[in-house]
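I am opening a notebook on a structure that is new to me.

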Amino acid sequence: MLVKIYSGAVTGIHALPVTLEVNILSGAKFIIVGLPDNAIKESQQRVDSALRQIGSRIPGKRIIINLAPADVKKEGSAYDLPLAIGILAANEELPLPDLRDYVFTGELSLDGSLVPVKGVLPIAINAFENGFKGMIVPLDNANEAAVVKGLHVYGFSHLREVVAFLRKKESATPVIFNIRQAGESCFDTSFFDFKDVKGQENVKRALEIAAAGSHNLLIVGPPGSGKTMLSKRLPGILPPMTLEESLETTKIHSVAGKLPPQISLITARPFRAPHHTISDIALIGGGSFPHPGEISLACNGVLYLDELPEFKRSVLEVMRQPLEDRKITISRARSSVDYPANFMLIASMNPCPCGYYNHPSRECTCPPGAVQKYFSKISGPLLDRIDMHIEVVPVELDKLSGFQETESSSCIRERVIQARSIQTERFKNYPGIYCNAQMNSTLLKKYCPLDTDCLTLLKAAMQKFGLSARAYDRIIKLARTIADLAHSEKLLPCHIAEAIQYRSLDKECWGR
């Protein structure tokens, strides 16, 4: 008997419907076609053992299973549950009409338990868009799928419960997920506070501007000056995520299999800090079956690269295109997938190999030319894509030992949220654009007009520092954020001047 069971396959961070056609004929062979990977080919043993736990088994006949569309590669163990349900239905052990209403996904253990799988949220979204009534998933994936409103999601812990539900011998209640409540309970407030940082007011100001406009930032300073400490406090001043950003970030982590336990919707902006030994594929994504890399896992959040020159040159260079386009395309012979890469890059580095170039009290021991050689590990095109360059100097002992209260992260965050709300209103008619750093040339002309004084000042800076056309645009975007923090509708020369000073560590003028 021929039956059809519905599931889904993930490509990038989106899903497409997959139909499992199960046919039982005379003979004695188990065949799966439709470009299955090894995990799917091995599912026969898991399905057979799980069926025996509920008093059934794979019929001793010829079973042909087609995964349609047959020209799309299928991977993973998420097809175990639909395979088992399809075999039971083809063997006339389950009613057919109800099966047309549901999408099935889940891995089976040998004892029949349902094991959580990755990529459930994109499959749930696709199921809702294709008009399915509900979705049956492992219990641990139920809250994740229930994020999609309008789709009845049922979570079960054992194959026996699924079969009883489909036979209508047991009832089940759809999982209800409260997005508003999840947003209130999942926001992470455990980050360190800026009120614990003594001095470094200029760096705090730079981080506030970077957070307000989602600008990239490079921090240069000697060891012990607080580069890492300040950078790790940045998430505490970032604005809350919009629902669209939360869904996009959750889909990426779901596809990568990195969704934290008991978290169905990520509402805190991610902060990723890979070690400098990371490979280029681990950073941008890829592999035989492409998976998201660190730049995608940091989407709508922060990618922090400590000791930037210690990263391999090839690893840094692959970030050039994602920094500009805010997405990464992984191409393979059969297909290509796109992953979002809308992240804010925060990087830190020493000013030279010994670490004490420009130090106020310690002498640099590097030989002549070593400073430029060290800084040249970061290519000009990559440095050009970093909006802000800020130099950090060690804090004086008097400030370290003082008891003067400094501004808390919550106060800074309030200003950042106000600036972001201005940008949200500004770009409300432009889908996918949430902040000043995402402006293209058309929006730049519309929302950042320069008067004669601003233009004169900017031209002088371009000639003095030898800045590129890309740096020209980024200075204007940065000035727009500074103006938003000051609640100024018009760009003023003081905003342009402050934005220009954050290019003072540009490659051509460093070390002179």
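My entries follow, topic by topic.

**Entry 1: the model**
I note at the start that this is a predicted model.

**Entry 2: backbone**
I began with a general point: most peptide bonds are trans, and most residues other than glycine have a negative phi. I then looked for exceptions.

Which two residues does a cis peptide bond join? I found A68 and P69, with omega at about 5 degrees. P69 sits in the loop that runs between β4 (62-68) and α3 (80-90).

Next I looked up positive phi values. E307 is not a glycine, yet its phi is near 55 degrees. I located E307 in the loop between β14 (302-305) and α14 (313-317). Its relative accessible area is 25%, so I logged E307 as partly exposed.

R326 is another non-glycine with a positive phi, about 60 degrees. I placed R326 in the loop between α15 (320-325) and β15 (327-331). Is R326 buried or exposed? I logged R326 as buried, because its relative accessibility is 17% and the cut-off for buried is under 20%.

**Entry 3: a helix pair**
I turned to α21 (residues 452-465) and α23 (residues 493-501). Their axes come within 9 Å and cross at roughly 15 degrees. Angles under 35 degrees count as roughly parallel, so I wrote down α21 and α23 as roughly parallel to each other. The crossing of α21 past α23 is right-handed.

Which residues make the contact? On α21 I listed D453, C454, L457, L458, A461 and F465. On α23 I listed P493, I496, A497 and I500. I sorted the contact residues of α21 with α23 by type: nine are nonpolar, one is charged and none is polar.

**Entry 4: cysteines**
How many disulfides does a search of the whole structure find? I got zero.

I checked C352, which is in no disulfide. Its nearest cysteine sulfur belongs to C354 and is 3.5 Å away. C352 has 0% relative accessibility, so I logged C352 as buried.

I also checked C494. The closest cysteine sulfur to that of C494 is in C454, 8.1 Å away, so the pair is too far apart for a bond. I logged C494 as partly exposed, because its relative accessibility is 47%.

Technical notes:
Residues are numbered from 1 along each chain as its sequence is written. This is a predicted model: local features need pLDDT of at least 70, side-chain atom pairs count only at pLDDT 80 or more; totals for chains, interfaces and linings use all residues. Side-chain values use heavy atoms; hydrogens and water are left out. Helices (H or I, at least four residues) and strands (E, at least two) are DSSP runs, numbered from the N terminus. Buried means under 20% relative accessible area, exposed over 50%, partly exposed in between (1.4 Å probe, protein chains only). Axes are lines fitted to C-alpha atoms, for helices over the stretch in contact, and angles run from 0 to 180 degrees between N-to-C directions. Angles under 35 degrees count as roughly parallel, over 145 as roughly antiparallel, 65 to 115 as roughly perpendicular and the rest as oblique. A crossing is left-handed if the near helix is turned anticlockwise from the far one by less than a right angle, and right-handed if clockwise. Contact means heavy atoms within 4.5 Å. Ala, Val, Leu, Ile, Met, Phe, Trp, Tyr, Cys and Pro count as nonpolar, Asp, Glu, Lys and Arg as charged, and the others, Gly among them, as polar. A disulfide is a pair of cysteine sulfur atoms within 2.5 Å.
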